Amino acid sequence: MLPLVEQDVIDGVPVLRSTGVAGRHAAALMFRVGQFDEALPVRGITHAVEHLTFGGHHEAHYEFNAGVDGWYTRYLVESGDPADIAAYLRAVCEGLAADHGAILDRERRILRTEAASRGGAGMLGSCLVERYGARGPGVLNYPELGLERLTWADVAAWRARWFTAGNAVLWIAGDRPDGLRLPLPDGPARPAPAAVPLPATRPAYLTGAKGGLAAGLVADRSFPPHAAQDVLKRRLTQALRHDRGLTYDVGLGVQEIDPDHLHTWLTADVLPEQVPMAAHVLLSTFETLATAGAQEAELADYRRRIQERYESPAGPVALLDHQARAVLNGRPRRSAAESIRLAAEVTSADLAKATQSLWDSMLVAAPYDVPAIQGRMGRAPSFSARAITGGKVHKPVAGDSPTLTVSDQGVTFTRAPGEHVTVDYADAAALLSFNDGKRSLIGGDGFTIVLDPAQWKNGAAVVSTVTARIPEGLVLPLDRPGPATPAPQPAAGQPGKSGSASQPAAATRKDRLLRIVTGQTFLVACLGVLLVGGVVWASVSGSQGSAPLGLVAAVLVGRLIARNFRRRRRR
Ligand SMILES: [Zn+2]
């Protein structure tokens, strides 16, 4: 039987309800705010609001958690007694209104500790910053920089802007509790904006990936690309794992990049020496699907999986979460029956066309240069397309190279002729101010210049000239030393076209020193470890997060991860 959803309103908050698993009740209070709303100087502020909701402490006999992903913040609860749902939601609303200024410092420390154990966004972050720059989805590439300087006034203002009845939705899988109240302040709906990619040539590739191959793909939120990815994953698993034994796991991680588009992070773990062959298999499988489409049996399997997922015990939760996101973004809700009908309409030709469109959006991340990739696409640019003109050219303390050109418009770091990294002041996303005098100037396109006073003749004056041009609100004082400055390169040095050598070490888009290399981490929150399962499913329902879904679904279907859940629960 397919889950049905009824809609209601409580205290100005839309409430979606469906039947859950008999005897259990789950709910999520969702707000339309997440990491992608955060400019770099306030990175982490939504996570801070989420942690501070209970003043850092909430004990209960029922299961609860909260998480922040790209566009949404969720407060989740699950219990056998509907009264617990009401009690928890009331505590959340009251916690969002309370003054937690006294514990902000302690909670900031906890958040930074959590971030350190979680690690960074790795190559996924690199690909997102390559596509979107240091804004919107690209901010996932950066740590929660704002945690270092946020005041309680900042947190309270953020909360007042986003955590309102008009920007919230509640879903319940189970019974509606008696006397349920959602005392939140009034405020407008704030649908997610469109994510605007930087102008660029696609497909393209990056190097520096660890552990295998990955590809970032962007598609509109429709069923043909979803079906294409479903078939692609199955074909790749067959070819890479079962036929050739090159891969342990082919993964698909789906993230809502804006209300109309999904980003898929396709991964295949591969031993370093097997990368050339695996890349060939991956890309040629892609090409075959784009050319010939899928077989009828593959489409039938796809349709069956969609149907079964809606009918599974996790179906209501996934449907509710999908519809909740639609409500938050002012989009129509889609029923399970309609999704199944749309999935059934996908033809082999639709699927082939969608595969081609995915290909045309592709950013491949490989450990190193591979002929199979180089033969099909170019490298994403390692340098800015242009340099500042007419400024003052500064030389290093020793030698003639690199140079730093500073004008009234911006800064260009030039490692060698034609190898520029440029940041315009007007486009700066942040200036990191380290306690040893170094600065990192991050441009809106993600290109970053590290300014070290010790590197340049009259360096202190040069650096202060640049920093004086950056608005105060973009400056982030960090109580730690800046990144190491590399020894100047010989002017005749051949930077090379291969691998990481083509990135100037003092100026890079990826700002490696900020990154900690790990796997995929879309949900930067207390739920990080639960980002498993239901990924293809998630994109059908249009979900990106999948962690809260996976969480609640797993709790509903048998508390498979209850132990993990408890260990991870915020205290
Ligand atoms: Zn957390």
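Angles here run from 0 to 180 degrees between N-to-C directions, and axes are lines fitted to C-alpha atoms. All the close-ups below come from a predicted model.

**Close-up 1. Helix H6 across the sheet strands E8, E9 and E10.**

**Close-up 2. H6 packed against H7.** Two packed helices are described by the angle between their axes and the distance between the axes. For helix H6 (residues 223-243) and helix H7 (residues 275-292), that comes to about 140° with the axes 10 Å apart. So H6 counts as oblique to H7. The crossing of H6 past H7 is right-handed. On the H6 side, the contact uses Ala228, Val231, Leu232, Arg235, Leu236, Ala239 and Leu240. H7 answers with Ala278, Val281, Leu282, Thr285, Phe286 and Leu289. Sorted by type, the residues of this H6 and H7 contact are 11 nonpolar, one polar and one charged.

**Close-up 3. The open sheet that runs from E9 to E12.** Six strands make up this sheet, in the order E9-E10-E8-E11-E7-E12, and their pairing is mixed. At the edges sit strand E9 (247-258) and strand E12 (378-379); each has a single partner strand, so one side of each has no neighbour in the sheet. Inside the order, strand E7 (residues 204-207) and strand E11 (residues 363-366) run parallel and are joined by four bridges. Look for Thr207, which stands opposite Ala366 in E11. Helix H4 (residues 122-132) packs on this sheet and touches E7, strand E8 (212-220), strand E10 (261-270) and E11. The direction of H4 makes about 145° with that of E11.

**Close-up 4. The open sheet that runs from E1 to E4.** Here the six strands come in the order E1-E2-E6-E3-E5-E4, again with mixed pairing. Its edge strands, strand E1 (6-10) and strand E4 (63-68), each pair on one side only. On average, neighbouring strands of this sheet are turned by 20° against each other, direction ignored. Strand E3 (residues 25-31) pairs with strand E5 (residues 73-79) in the antiparallel sense, over seven bridges. Within that pair, Ala28 has Leu76 in E5 as its bridge partner.

Close-up 5. A hairpin of four residues joins E4 to E5. The two run antiparallel, with six bridges between them, and Ala66 stands opposite Tyr75 in E5. Is E4 buried or exposed at its faces? Both faces are covered: Glu63, Asn65 and Gly67 are buried on one side, and Phe64, Ala66 and Val68 are buried on the other. With six of its six residues buried, E4 is therefore largely enclosed by the rest of the structure.

**Close-up 6. H1 crossing H5.** The axes of helix H1 (residues 45-52) and helix H5 (residues 152-162) come within 10 Å and cross at roughly 90°. That angle falls in the range of 65 to 115 degrees, so H1 and H5 are roughly perpendicular to each other. Ile45, Ala48, Val49 and Leu52 of H1 meet Asp154, Val155, Trp158 and Arg159 of H5. This H1 and H5 contact splits into six nonpolar, no polar and two charged residues.

**Close-up 7. Arg386 in its loop.** Arg386 sits in the loop between E12 and strand E13 (392-394). It has 10 C-beta neighbours inside 10 Å, so Arg386 counts as exposed. Val421 is 35 residues away from Arg386 along the chain, yet the C-alpha atoms of the two are separated by 7.9 Å.

Key: Residues numbered from 1 in each chain as written. Predicted model: local features only at pLDDT ≥ 70, side-chain atom pairs only at ≥ 80, totals over all residues. Parallel < 35°, antiparallel > 145°, perpendicular 65-115°, else oblique. Contact = placed C-beta atoms within 7 Å. Nonpolar A, V, L, I, M, F, W, Y, C, P; charged D, E, K, R; others polar. Pairing = 2+ DSSP bridges. Left-handed = near helix turned anticlockwise from the far one by under 90°. Buried ≥ 20, exposed ≤ 12 C-beta atoms within 10 Å, placed from the backbone.
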